[in-house]
Amino acid sequence: MRIQIEKVDCLCELEASVFEYLLIAVDEARAKSFNLADCNVSIFMKEHLKTDKKECMIHFSPIKVTPENATEYELVQDDFGVYIDVITKKVNRSCSSI
């Protein structure tokens, strides 16, 4: 009988295209001197219904925003957002909420 000596949990899997957007966003945040240490990452895909334009939105935030702390977080807003055009893979805009 074999004894199990390790346990592996998959925390998150990213498709190759999403990973590419994440790398672009990390480069942009670092170029703008945003401290990525201990940040949570949220990745969204936004489609403009009238123009069919698609944008990948990646937000880095030092705390996980939940319904319980959302009001408190709105006051702090120490996150950084990067908005990337899906077709050209160029950064449309990036900004810190501070």
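**A pair of strands and its surroundings**

Guide: Start with Met57, which stands opposite Tyr83 in β3. This is a predicted model: local features need pLDDT of at least 70 and side-chain atom pairs 80 or more, while totals for chains, interfaces and linings use all residues. Numbering starts from 1 along each chain as its sequence is written, and side-chain values use heavy atoms, without hydrogens or water.

Now widen the view. Strand β2 covers residues 54–61, and β3 covers residues 80–85. The two run antiparallel, joined by six bridges. (A strand is a DSSP run of E, at least two residues, numbered from the N terminus; two strands pair if DSSP finds at least two bridges between them.)

β2 and β3 belong to an open sheet of four strands. Its order is β1-β2-β3-β4, and the pairing is antiparallel. At the edges stand β1 (40–47) and β4 (91–96). Each has a single partner strand, so one side of each lacks a neighbour in the sheet. On average, neighbouring strands here are turned by 15° against each other, direction ignored. (The axes are lines fitted to C-alpha atoms; angles run from 0 to 180 degrees between N-to-C directions.)

Next, the cysteines. A search of the whole structure finds zero disulfides (pairs of cysteine sulfur atoms within 2.5 Å).

Cys39 is buried, with a relative accessible area of 18%. Cys95 is partly exposed, at 37%. (Buried means under 20%, exposed over 50%, partly exposed in between, with a 1.4 Å probe and protein chains only.)
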